[in-house]
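Student: I have just opened this entry and would like a guided look at it. Could we go through it step by step?

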Amino acid sequence: MEWLFLGLFVLFVAGAGLLLAQVSRVRKQRALADARADALRWYERLGGQVMNLYGDDPAVRQALVDASERYNAAGSQLEAARTERQYELARETALEGLHYVRAARTALGLDPGPELPLLAGQRAAGAITKEREVELQGHVYKASPHPGGATPYYYPGGRIHGRPVPAGWYSEPWWKTALVAGAWGIGSLLLFNALFSPAWGDSGYDAGFQDGAESADQGDAGGDYGGDAGGDSGGGDYGAGDFGGGDFGGGDFG
């Protein structure tokens, strides 16, 4: 009898294990399907917007070019995606494209449409809230909360190699050098420090921002970065400090 009970117990344990494995497999399949459907939803929405918008204004054209690039990138990511994380990355890329679409619609004087989910690192980066201009090595760079002839390049905000780059319109896409090169070049690094330095003297800056920038410098030197879904952000943590009422809105370093 003891052998019978032992055999039944072993069969019960084996059956329970198989059942749990099946449940886990179904949950993973469902999560994967949900992630794929969510990514496709944003991707298709981006495609519709890109194909239906047009404008001659340089700011509009550039924003739509950036949106189209994200659309193509998201499509490639979706084709190659096999895991839930890979679908999440494709979703993030499509969402980034939609942020560029909102910028294009704003530049066209249209309703930008419903609010979008925030991108990775976007909340901490904040946004430009007033006109900015800085001269570096004889060259003038500008930043603005609004599109214009002098600021036709939009950036939706996020972290690049651990540094928060605020959302706004810029005179040049200086951040792209860091994205292409995989690290900050000397020129981009100097410009970042010049544009977003407490030396601008606004009360919205405090020591925490500078401390965070210094930490990012150390991270740059070590070459230890973590990319985000859209490829625009790097890993990096910041200490205390916030953007409150100065040049940037809606961002906290915490």
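Student: Where do the contacts in the chain fall along the sequence?
Tutor: This is a predicted model. Among contacts between residues at least 6 apart in sequence, 62% join residues at least 24 apart.

Student: And how many helices and strands does the chain have?
Tutor: The secondary structure comes to seven helices and eight strands.

Student: What percentage of the residues is buried?
Tutor: Of the 254 residues in the chain, 41% are buried.

Student: Changing topic, what is the volume of the largest pocket?
Tutor: The largest pocket has a volume of about 420 Å³. Its lining consists of 22 residues, and the closest to the pocket centre are His99, Arg102, Tyr154, Pro156 and Ala167.

Student: Which elements give two or more residues to that lining?
Tutor: They are α3 (84-107), α4 (122-125) and β6 (168-170). The largest share, four residues, comes from α3.

Student: How does the lining divide by class?
Tutor: There are 11 nonpolar, eight polar and three charged residues in the lining of the largest pocket.

Student: Now the rings. How many aromatic pairs does a search of the whole structure find?
Tutor: The search finds seven aromatic pairs. One of them joins Tyr154 and Trp169, with 5.0 Å centre to centre and 55° between the planes, which is a tilted arrangement.

Student: Where do those two residues sit in the chain?
Tutor: Tyr154 is in strand β3 (residues 153-155) and Trp169 is in strand β6, 15 residues apart, and the pair links distant parts of the chain.

Student: Are Tyr154 and Trp169 buried or exposed?
Tutor: Both Tyr154 and Trp169 are buried.

Student: Why is the pair of Tyr170 and Trp175 edge-to-face?
Tutor: The ring planes of Tyr170 and Trp175 lie at 70°, so the pair counts as edge-to-face, the cut-off for that class being over 60 degrees. The centres of these two rings are 5.2 Å apart.

Student: Which aromatic cluster do Tyr170 and Trp175 belong to?
Tutor: Tyr170 and Trp175 form one aromatic cluster together with Tyr155 and Trp174.

Terms used
Residues are numbered from 1 along each chain as its sequence is written. This is a predicted model: local features need pLDDT of at least 70, side-chain atom pairs count only at pLDDT 80 or more; totals for chains, interfaces and linings use all residues. Side-chain values use heavy atoms; hydrogens and water are left out. On a 1 Å grid over the protein atoms alone, a cavity is a set of points where a 1.4 Å probe fits but cannot get out, and a pocket is an open set with protein on both sides within 12 Å along at least five of seven lines; lining residues have an atom within 4 Å of a point. Grid points are joined across faces, edges and corners, and a volume is the space filled by probe spheres set on the points. Ala, Val, Leu, Ile, Met, Phe, Trp, Tyr, Cys and Pro count as nonpolar, Asp, Glu, Lys and Arg as charged, and the others, Gly among them, as polar. Buried means under 20% relative accessible area, exposed over 50%, partly exposed in between (1.4 Å probe, protein chains only). Contact means heavy atoms within 4.5 Å. Rings of Phe, Tyr and Trp (its six-membered ring) pair if their centres lie within 6.5 Å; planes under 30 degrees apart count as stacked, over 60 as edge-to-face and the rest as tilted.
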